[in-house]
Amino acid sequence: MGIYLNSTSAYNLFREDFSLTYYVDKTDILGELVPLIQLKQSADEESGAAAGKGPKYVAITRPRRFGKTVMANMIAAYFGKGADSHKEFDTLKVSRYPWYKEHLNQHNVIRIVFNEMPRDCASYEPYIDRIQDLLIDDLTIAYPNARIRESDAVWDALTKVHEYCGGEKFIFILDEWDYIYHQDFATNKEKESFTKFLSNLLKDKAYVELAYMTGILPIAKYSSGSELNMFFEYSMATRAKYSEYFGFTDEDVDRLFEKYLVKEQDSQVTREGLKLWYDGYQTAGGERLYNPRSVVGALSDNQLGSYWTSSGPYDELFYYIGANVDAVKDDVALMVADNPVPAKIQEYAATSMELKTRDEIFSAMVVYGFLNYENGCVSIPNKELMDKFTEVVQQEPSMGNVYKLAKESGRMLAATKAGDTKTMSELMEYAHNTHSPMQVYSNEAELASILRWVYLKALDYYRIEREDKAGVGYVDLIFYPFIKSDDAIIIGLKVNHTADEAIQQIKDRKYALRFEGKFGERPEYTGRILAVGIAYHKDDEKKRHECKVEVLREKI
């Protein structure tokens with residue numbers, strides 16, 4: 001056992017994760033990886049050839065907070081000889097496979113976490129020297145007959161082990177492999193040197209049994225030539241394979257929520273709330289995913305909220321909204337108004353603090369998890385991220401009219417609750433006349449997009465749904481209050497009709513039933529129910545806006 005070779009660290013970390021109340025069993029990924037080892041073993045036995053290129057080189061790229069490290073620790077704990085992990089794995093899905101015991105703790109695993117730094121590291125040389133020295137030490141101790149010298153390169157030392165010690169092979173688990181590329185202390189030449197280091201370590205080496213590598217950005221960003229072309233890359237936006245193992249599916253969250261209801265006597269989190277706050281990521285295969293870190297945080301704390309913590313330079317992506325506001329301003333406005341925006345996503349172009357064009361900025365935001373990418377468009381995936389974007393918009397004066405409108409949105413909500421239709425009409429007119437991005441829309445769709453902006457502040461207090469099923473139809477906009485005793489708001493939109501007609505439609509189609517309880521039960525929402533009619537006279541020369549508020553039910 002050593003620091004990197006067959007260490008107990010991965011097992012101890014996996015055991016901690018396994019013991020958590022809200023642990024999700026993703027060990028079926030081993031059902032994808034073990035056949036890669038068996039396939040290579042069969043091919044080697046038939047041909048007598050050493051391992052070369054092929055599917056045994058797996059690179060997984062995902063945003064931070066999507067469980068890459070948890071998965072890497074689990075894989076290392078299953079394969080590695082460093083610790084006996086049968087007690088945990090015997091209870092998990094992987095134990096059902098016929099090869100389960102054949103591979104459990106039967107392999108040499110070299111696990112390297114590349115974001116671990118030497119003390120007081122301020123340059124590349126001590127960083128890479130630490131990695132090489134620790135691995136050489138591990139191999140020297142484990143294989144004293146391999147004739148390893150201190151001056152040997154790590155790939156030479158590994159080759160000696162393979163040749164002199166009975167054909168020993170190794171599974172490489174490399175976590176945060178692209179960490180060095182984001183560090184200011186490493187020059188471009190040194191980053192190229194690191195790419196070559198990985199190539200020399202892994203490519204066309206007989207001692208490689210499996211190489212499993214995780215990071216944020218694709219290999220193509222850093223390997224312009226053939227250094228790392230042996231890897232099969234799997235990203236969330238472009239490759240469906242492995243998608244279900246990173247992030248939580250609806251089924252995963254359903255099971256966790258059931259555990260939560262049993263555990264918490266005074267449950268404050270709803271299943272609907274988890275979906276609103278943390279769902280919204282789309283895989284290349286069409287599956288929806290939740291941010292796993294945030295779901296676990298909310299259930300553990302018994303509280304919905306933002307668990308999106310700063311992670312160094314990556315959160316500086318919001319800097320580009322201000323720094324290149326002309327390129328992205330209108331599109332950010334549309335996305336905050338809940339409208340997807342077409343974009344050409346190029347994951348290889350996304351690297352921190354080097355972005356210039358609109359598509360590069362949005363590409364980076366997709367890779368880092370700020371945006372979802374689906375059907376050629378980018379969008380804000382959930383409330384957790386919507387709050388982040390809203391915060392930036394309200395604090396970034398360079399956003400121009402968007403910034404001004406965001407600051408005014410609190411007045412719109414207050415005016416609605418007070419029935420101040422004069423202020424509401426003035427704000428609607430201001431929004432319509434100054435907010436050019438929304439002019440690409442027409443009729444009631446245009447009006448609905450503008451309303452998302454004038455009610456931007458309402459996102460702090462309401463779940464806002466467009467075209468939601470209610471009564472005997474679909475309501476244009478409906479505001480579900482997070483505090484159930486607060487005012488519920490139903491908005492009807494009309495173009496070239498009157499606000500009175502919009503109110504009447506709300507009544508005729510019985511939209512207010514959405515806030516009433518079942519027969520004989522106390523309603524879940526106990527505040528006032530407000531019907532809001534908003535009309536836009538598009539053909540009028542002055543393009544007048546008309547608003548009306550009517551109380552459909554007083555507070556219970």
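Reader: Glad to look at this with you! What makes residues 436–441 stand out in pLDDT?
Author: Over residues 436–441 the pLDDT stays under 50, where pLDDT is the predictor's confidence in each residue, from 0 to 100. For that stretch the model has 16 contacts beyond four places in sequence, a contact being heavy atoms within 4.5 Å. This is a predicted model, in which local features need pLDDT of at least 70 and side-chain atom pairs count only at pLDDT 80 or more, while totals for chains, interfaces and linings use all residues. Residues are numbered from 1 along each chain as its sequence is written, and side-chain values use heavy atoms, leaving out hydrogens and water.

Reader: What pLDDT does the protein average?
Author: The average is 86, and 89% of the residues score at least 70. Residues 45–53, however, have a pLDDT below 50, with 19 contacts in the model beyond near neighbours in sequence.

Reader: Why are helices H6 and H8 called roughly parallel?
Author: H6 (residues 124–142) and H8 (residues 188–202) pack at about 15 degrees, their axes 11 Å apart. Angles under 35 degrees count as roughly parallel, over 145 as roughly antiparallel, 65 to 115 as roughly perpendicular and the rest as oblique. H6 and H8 are therefore roughly parallel to each other.

Technical notes
Axes are lines fitted to C-alpha atoms, for helices over the stretch in contact, and angles run from 0 to 180 degrees between N-to-C directions. Helices (H or I, at least four residues) and strands (E, at least two) are DSSP runs, numbered from the N terminus.
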